[in-house]
Amino acid sequence: MKVTVLQENLTRGLSAVSRAVSPRSTLPVLANVLIATDEGRLRLSATNLEMGITCWIGAKIEEEGSTTVPARMFADLVNTMPDNQVHLNLDTRTQTLHIQSGASKNDVKGIDAQEFPPMPVPDFDNAINISVADFKEMIQQVAFAASTDEARPVLMGVLVSVDKDTVTMAAADGYRLSVRKSTLSAVAPSPVTAIIPARALSELARIASDGEQQVQMVMPKGRGQVVFRVKDAELVSQLIDGTFPDYQQIIPRSHKSRTLVSTASLLKACKQAEIFAREGSNIVRLNIKNSGELQPGEVEISAHSEETGKNETLVEATVDGIPLLIAFNVKFLREVLEVIKTPNVAIETSAPNAPGVIKPVGDEHFLHVIMPMHLG
Amino acid sequence: MSIQILAPEVASQIAAGEVVERPASVVKELVENALDAGARTLTVNIAEAGRRLIEVADDGSGIPADELLLAVERHATSKLVAAGDLFRISTLGFRGEALASIGSVSRLTLTSRAKNAEIGAKIRVEGGIMGRVEPVGAPAGTVVRVEDLFYNVPARLKFLKQDLTERRAIDGLMTRYALAYPSVRFRLMDGPTPTLQTAGDGDRRAILASLYGVDVAKQMLEVLAEDDSTTESGGVMRLSGYISPASLTRSNRKDITFFINGRWVSDTPLSTALIQAYHTLLMVGRFPLAAIFLELDPQDVDVNVHPAKAEVRFRAPERAFSFVQRAVRRGLLAYSPVPSVPVTQNLWGGSSNQSSGNSNQPGAALEWAIGHDEGPRLQVERLEGENSPTESTIQPSNLPETGQLPITNYHLPLLRLVGQVGATYLIAEGPDGLYLIDQHAAHERVLFEKLMLQHNQKNIPSQALLSPVMVTLPPQSASLLESQLPTLGHFGFQVESFGPNTFQVRGMPVLFGNADPASALRALVEDFEEDESPLQDEIEAKIAGRVCKRLAVKAGKALNPDEQRALLSDLENCDSPRTCPHGRPTMIHISVDLLERQFGRKGAR
């Protein structure tokens, strides 16, 4: 293999695949990144067997070939190259990669590319096409609600279902639920439902740059995998096996109190409350006061800690329905407010022990449910 | 007062006292009778934990009408004829006392139809007074109905434990017999719903699951062994059953069950033999779980030791014990050559026990290192909450795991962090020397005091779950949990009873974070059975202790310097920083004086 690439391209590619590298695996080749010539471009791949990322970058190829080199050190090396041009030259007999840039000459010992797990090469003919901007926003609004507890793998995933021209994502960690819908530009060839690891989706959101139009999604039959393709990168992930809880049942159908409030003010109040709440049990109280005939309603957001003190913020609100005192985990509340784009948000609930539903005002596609807390 | 012969009712009540001690013993006698009668299906109904009603129905051979009256007589049995038969008893009962004894302390109705009889018959015994035999239509088999147990023995009635305890005893008994007779269908009804039901298809592992819970049953190892060295000391011995792997332990011996020729016995030498088989594989104070079925020639074992027949004598005890020990040891080693840290076990299980066990090691090693030195005797304070330096070598701590601690107001001096060793211990310097701190134990202590403080302020918030989680527990743990629901509520667990042995978790304490509610709940009641009715305070401390154990940072986790410092300063603020909630020491103190002497700077040369 003999190729020349631009340093900035190589850096970008290595950074894209870096999250799939598994540095502490029992399989040494998984700590490496695959470098291979591929139809006039250079292909970089990394995988931890759960998730794999491939990225193609432009290169001047003089001689075809492939190898793997330690991902971390290769990236560090490339980052500090003195010249914009990086020459890669592989000695196949010793699997040593000569890397030259300007006056810098390096020899890196690699592992034969044959040992690298093969990446699936799916057929993108029947792919579902989703706008990158939409998809990234969906991931951002849903993935954070997934669980990080490995005891319940299903909840570590995001339920993605495509039916006709609607795509829905849902994630829950046992205490909260995030659901986001979006419309596809074209009707999907067949309905699809799968649980995709939240981590893989977050990675996808990271590597799909906004400039791109479409992300393509395919699930090759019988492989238990999903493959996403953006312009010059692919991400493959194992699907999570299991049954996702029937989240439709969890979403309350009615409410007795609806509070309209400015998203930014509420978020700011929550952030302040969190400073105190995090010392104790993360509990924040929302005292929702009914709007009278003439005066506006308000929400009093308060938190206190035995050790540090207490905080209280009043936020103006339009309250429709009964007044209520309800408590939430402030982290949950803050996290959902951070992903809501609309200027106003509605909190719907029925009782201190009933779920709270958070909806952006004017956006029917997003919905978030948080279970309340209460003192024993 | 002149000596006189006791009235027959008094005599029979005294005799009954030996056999019929509590509702569970009635169940035991009746179930054994049913099994002796060759029952294939056995249904037990109880009401008010057996106080009001115990009804045992079987489809066994039944009793002919003309023998019915005899059946309820004292010393009347079909199982034994001559005294010589006593030495080769193959039935569970033989004394001919059970029915008579039960009849003398309750209102007993015996309904039975022999297999070949056209019509059944029934007889009623009330406080030992026999009624008349009346013909009655009945299915083949026998139904014994015991109502108002001990109605005429108020003293006994008064000494019965609370309903839950009595019910637990019955649950445990039934499950164990179900295990011993897997091909008999057992059903235990408490009210309209069955609390125990077995298929009678011979599958012991399924029954094991209802005794210990599914997770534990899956881990149990099967053992099979035979000793056919027929010497003069006895005939063939066969052993079958299930034992726990070394990674699965309990804090008491309650889960060690022995059956000899199908009879549940509590024989301490046998359990000692079993525990010895685990020698070096278990931590001190931990015991295995086991259900062992021993088959031997009836001539080699004497069951006629005590009316309740829970004790036996072996003709060749040594042989029996060593057989059990060898068989278990072999089974154990075949499955797990070395005691392994259960990595796959979920976090709630024993892994923290394992890690906390490690903390004994440095003490032991240190003792070894200096014990073999002829130099000055090591003076190390073993810190136990009191500030009195005692001159002693360090002993690996074998403190009993009591939840309650003497409250002392001894705070730590200000400590300067030096670093972490082996990702398990912190080293700190104080004004009076060196402190070695076990990070897990220390964190447990810190959390424990925080939790108890919040608890005392009734300030433990609960986070509701999106959808309730169902947890099914084995009957024994279930009734225990049921009795502790309010206490769990104070700790932020919103748990409701939801049908037999099933609970619905609606909310979790915030402290638990993202952990799986089902396994959290299981971990809380696992081996919680040692005290039948501990004081409420103790229970609370115990639950808190268990919660903390679960949450505390584990040994082997590298902490960054900020975390280490935070742990130290939290520990400094504790009221009794020197022991963990389970009584193990959190730290070892090596005084400046000791260091100087060890380095030969001062003192004896």
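Gly102(A) takes a positive phi near 55° in the hairpin of β8(A) and β9(A), which has two residues between the strands. Strands here are DSSP runs of E with at least two residues, helices are runs of H or I with at least four, and both are numbered from the N terminus. The model is predicted, so that local features need pLDDT of at least 70 and side-chain atom pairs count only at pLDDT 80 or more, while totals for chains, interfaces and linings use all residues. Residues are numbered from 1 along each chain as its sequence is written, chains are lettered from A and ligands numbered from 1 in the order in which they are written, and side-chain values use heavy atoms, with hydrogens and water left out.

Strands β8(A) and β9(A) pair in the antiparallel sense over six bridges, pairing being assigned if DSSP finds at least two bridges between two strands. Within this pair, Ile99(A) stands opposite Asn106(A) of β9(A). Strand β7 (residues 85–91) and strand β8 (residues 96–101) of chain A run antiparallel and are joined by five bridges. Asp91(A) stands opposite Thr96(A) in β8(A). The hairpin of β7(A) and β8(A) has four residues between the strands, and Gln95(A) takes a positive phi near 55° there.

These strands belong to an open sheet of five strands in chain A, with the order β5-β1-β7-β8-β9 and antiparallel pairing. Its edge strands are β5 (60–63) and β9 (104–109) of chain A, each of which pairs on one side only. Neighbouring strands are turned by 20° against each other on average, direction ignored. Angles are taken between N-to-C directions of lines fitted to C-alpha atoms, for helices over the stretch in contact, and run from 0 to 180 degrees. Helix α1 (residues 7–18) of chain A lies across β1 (2–6) and β7 of chain A, and runs at about 90° to β1(A); contact means heavy atoms within 4.5 Å.

Chain B contains an open sheet of five strands with mixed pairing, in the order β10-β11-β14-β12-β13. Strands β10 (221–227) and β13 (263–265) of chain B stand at the edges with a single partner strand each, so one side of each is left without a neighbour in the sheet. The twist from one strand to the next averages 20°. Strands β12 (residues 256–260) and β14 (residues 290–296) of chain B run parallel and are joined by five bridges; in β14(B), Leu294(B) is the bridge partner of Ile260(B). Helix α7 (residues 204–212) of chain B packs on the sheet and touches β10, β11 (237–243), β12 and β14 of chain B, its direction making about 50° with that of β11(B). Helix α9 (residues 268–277) of chain B lies across β11, β12 and β14 of chain B and runs at about 125° to β12(B).

Between the chains, 21 residues of chain B are in contact with 24 residues of chain A. Strand β26 (residues 373–375) of chain A pairs with β21(B) in the antiparallel sense over three bridges, and His374(A) has Ser462(B) as its bridge partner in β21(B). Strand β21 (residues 461–472) of chain B gives the most to the side of chain B that touches chain A, with seven residues.
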